[in-house]
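Walk me through this predicted model. Start at the ligand, then move to the chain interface.

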Amino acid sequence: MMGRSILEIKHVTKDFGDGNSTIRVLKNINLTVKQGEFIAVVGPSGSGKSTLLSVIGALLTPTEGDILIDQEVVHLQSKKRFNQLRAGKIGFIFQSDNLIPYLNVSGQLKLVNQIAKNNKSTGQKRANELLSRLDLLQRRNNYPAELSGGEKQRVAIARAFMNDPSIILADEPTASLDSVRGRKVVEMISQEVKSRNKAAIMVTHDERMLDLCDKVYVMKDGCLARE
Amino acid sequence: MFLAWNEFRRNKLRYGLLSLIMIAVLFLVFFITALSNGLGYADSAAMSNLKTEYVILSEEAEGVLIKSELNNDDLDELFDLLGEQYSPFAITVSGLEKVNERTVDVAYFTVDTERYGDVTITEGKNLRELEDNEVVADESLKRFGYELHDTIKDSRTDIEMTIAGFTEDHVYSHMPVIFTDASIGFQSFYRMEDTYNAVFYQGSEMDLEHYDMQTLEDTIRTIPGYSETQGSFMMMKSFLFIISVFVSSVFFYVITLQKTHQFGILKAIGAQTWYIAKSILLQVAFITLLGLMLSSLAFYGIVQLMPEEMPVQLSWQLIVGTGGLFLILNMFGAMLSIWKVAKIDALEAIGRME
Ligand SMILES: Nc1ncnc2c1ncn2[C@@H]1O[C@H](COP(=O)(O)OP(=O)(O)O)[C@@H](O)[C@H]1O
Ligand SMILES: [Mg+2]
């Protein structure tokens, strides 16, 4: 079942320059994620985990090295293809919630569907399915300002799954959830990965979630190593 | 569409206020432009509409029409020089007696009704068709309650005349113009003998001894205060226009800049810049067009309420043109901030992911 690689990271480094000094946040990262794999990244705060996810998700361009999603080198693509990649193949779950303030819960999902240019009625069906699985059906007409932190995070998760992505990038998705809901979310990510043959990378601090993941990597001072 | 509309719905107050500002700014532009157009018009419309190519003045007048004095001898001499293409002209400022009321200031344009040519007539007879003691008056006289076939009486000479026709666009120094024939005699109003201001001439330019010949445009330019008045109106209009266009487009620039974070999120979930831009442009267009509609409505309403003597003039071309320019520049202001967002990484737009 595990065969084709969805994500390949080759010799990736990332420097941040503030003024005249530059800091190397990612140092020669190599990683391959295959279909059906659910990977966890742990590590102290400030070690570069969020930066790694941003580089993979084409939110940042790597200073050196290549990132291939479905055999396509991401940062060599045109701007348009870049967006298509993001809209079609990557599902982001940010560390803090990043919902559009003036759209209600269904609207957030509808927006993703519209941007990915997917069929309206299948989108509707998918949204309902996601909302019921994440216990959000009652809140579908509420706006972000009316939701609790946990609810917002679940909406962000639903949004990440909405476009049927090849790879899910989750940055501490359970940080604002209680452990029962948190585990449920991670189980859901795992289930999605297994049943649909996707891939996922999750940054987490919660050791209790690690048993749901296939591999655990440790990030330390910008270097990534298998645990 | 989806984004634009939902944002409006969730932020009614913010966009309501923005529309209000737009309405106010456009209203101001329309109102001030109309007023200064109207005042500029009332100052000299009659002069611009005089039916002649060249104006001949006495040498001493130094090009200023109302300083020029030509007597009957001059007229005879000019007639010999110019022939049939000639027509005398005199301006006399006086008043009309109104029963139980103040006098109405008017300007008599004394002409040879046979020679002067046709003026635009809105009602009644043209100059050539006038009989004894009949005159053609500017429509603005109607504001004082006069109608066709009314008898008017000059307040100083007690001469009585009948309004036989109405013309338009003949206002001189904010006074209605009344065309009278030389037989009525206002050319001898100030002196005992006939004194004209000018002789009009159609044909090719000539060099005349003892007289100045100049084009009508030159004559208008040398009206005392003319260029100062028109110049300050022009400056007022242009400054108002530039400032308000600038303010409104900067407003849209800033408002859009505030949405940077939001654009970052949209980019992160794969929205193309054009998708974001479309929604912003739609919003700008909606607010500008709404402002245009409501402000021109408000302008129209105010004009109805204003006293009729207030000279306002605004063409629909100017309204449409102003609206178009505001639309383009507001969109440009908004696009400037979108362009800035398009250039940066989505993550920077969102801000640090902490
Ligand atoms: N845009 C940036 N500019 C400069 N330094 C940054 C930027 N983003 C992250 N960093 C730095 O990179 C390091 C790693 O950050 P991050 O990837 O957020 O760590 P983690 O997610 O593991 O806590 C930190 O020292 C942080 O200060
Ligand atoms: Mg982090």
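A backbone N or O atom of Lys49(A) sits 2.9 Å from an oxygen atom of ligand 1. That is a polar contact, a pair of N or O atoms within 3.5 Å; within protein, one must be able to donate a hydrogen and the other to accept it, and residues adjacent in sequence count only if both atoms are side-chain atoms. For Gly46(A), a polar backbone atom is 2.7 Å from a ligand 1 oxygen. For Gly48(A), the distance is 3.0 Å. The protein covers 73% of the 560 Å² of accessible area that ligand 1 has on its own (Shrake-Rupley method, 1.4 Å probe).

This is a predicted model: local features need pLDDT of at least 70, side-chain atom pairs count only at pLDDT 80 or more, and totals for chains, interfaces and linings use all residues. Residues are numbered from 1 along each chain as its sequence is written, chains are lettered from A and ligands numbered from 1 in the order written, and side-chain values use heavy atoms, without hydrogens and water.

Ligand 1 lies between chains A and B. Around ligand 1 are 12 residues (a heavy atom within 4 Å). Helix H1 (residues 49-56) of chain A gives the most to this shell, three residues; helices are DSSP runs of H or I, at least four residues, numbered from the N terminus.

Now the interface. 31 residues of chain A contact 25 residues of chain B (heavy atoms within 4.5 Å). About 2700 Å² is buried between chain A and chain B, with 62% from carbon and sulfur atoms; buried area is the accessible area (1.4 Å probe) that two parts lose on being put together, summed over both. In chain A, Leu59(A), Tyr102(A) and Ile115(A) lose the most area to chain B, together 25% of what that side buries.

Notes: Helix = DSSP H or I, 4+ residues; strand = E, 2+ residues; numbered from the N terminus.
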